[in-house]
Amino acid sequence: MSEATDGTTQAGTTTVSSEVVEKITVAAVKAVPGVADLGGDVARFFNNVLDRVGLDQVGDASRGVSAKVSGSDVTVTVVLVLEAGRVVAEVTTAVQEAVTAALRGYGLNVLAVNVNVDDIAGV
């Protein structure tokens with residue numbers, strides 16, 4: 001509850017959309033060393049097509065990430081491409097930690113961060 005300017009208390013709800021959670025997640029994942037790209041093969045293909053026709057920002061905000069939100073509880077799934085030569089467990093653990101910290105920073109309760117390694121770049 002928040003206090004109004006006249007000293008009374010106002011009740012209400014706050015909701016966070018899955019798109020917002022996905023954008024926060026994408027930013028956190030991109031900062032993790034060893035992550036080459038986000039999204040599965042199909043998402044990366046369509047993103048390359050969009051890039052070639054001048055729509056390089058379309059679809060980038062949440063590509064490779066899906067979120068389920070229930071109140072302040074969130075479950076996130078991340079599909080990523082690893083850089084060649086990286087240890088899978090090290091990168092995926094770092095992704096889970098970074099995403100959890102970022103979402104908690106927004107006051108969200110992270111139930112799970114599932115990571116799916118779809119490809120290895122340069123191999």
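Biologist: What is L103 in contact with, leaving aside its neighbours within four places in sequence?

Modeller: V21, I24, T25, V74, V76, L108 and V110. Contact means heavy atoms within 4.5 Å. This is a predicted model: local features need pLDDT of at least 70, side-chain atom pairs count only at pLDDT 80 or more, and totals for chains, interfaces and linings use all residues. Residues are numbered from 1 along each chain as its sequence is written, and side-chain values use heavy atoms, without hydrogens and water.

Biologist: Why does T25 count as buried?

Modeller: Buried means under 20% relative accessible area, exposed over 50%, partly exposed in between (1.4 Å probe, protein chains only). T25 has 0% relative accessibility, so T25 counts as buried.

Biologist: Which residues of α3 are buried, and why are they on the same side?

Modeller: V91, T92, V95, V99, T100 and L103 are the buried ones. They cover an arc of only 165 degrees around the axis, so they share one side of α3. The arc is that of the directions from the helix axis to the C-beta atoms. On the other side, E90, E97, A101, R104 and G105 are exposed.

Key. Helix = DSSP H or I, 4+ residues; strand = E, 2+ residues; numbered from the N terminus.
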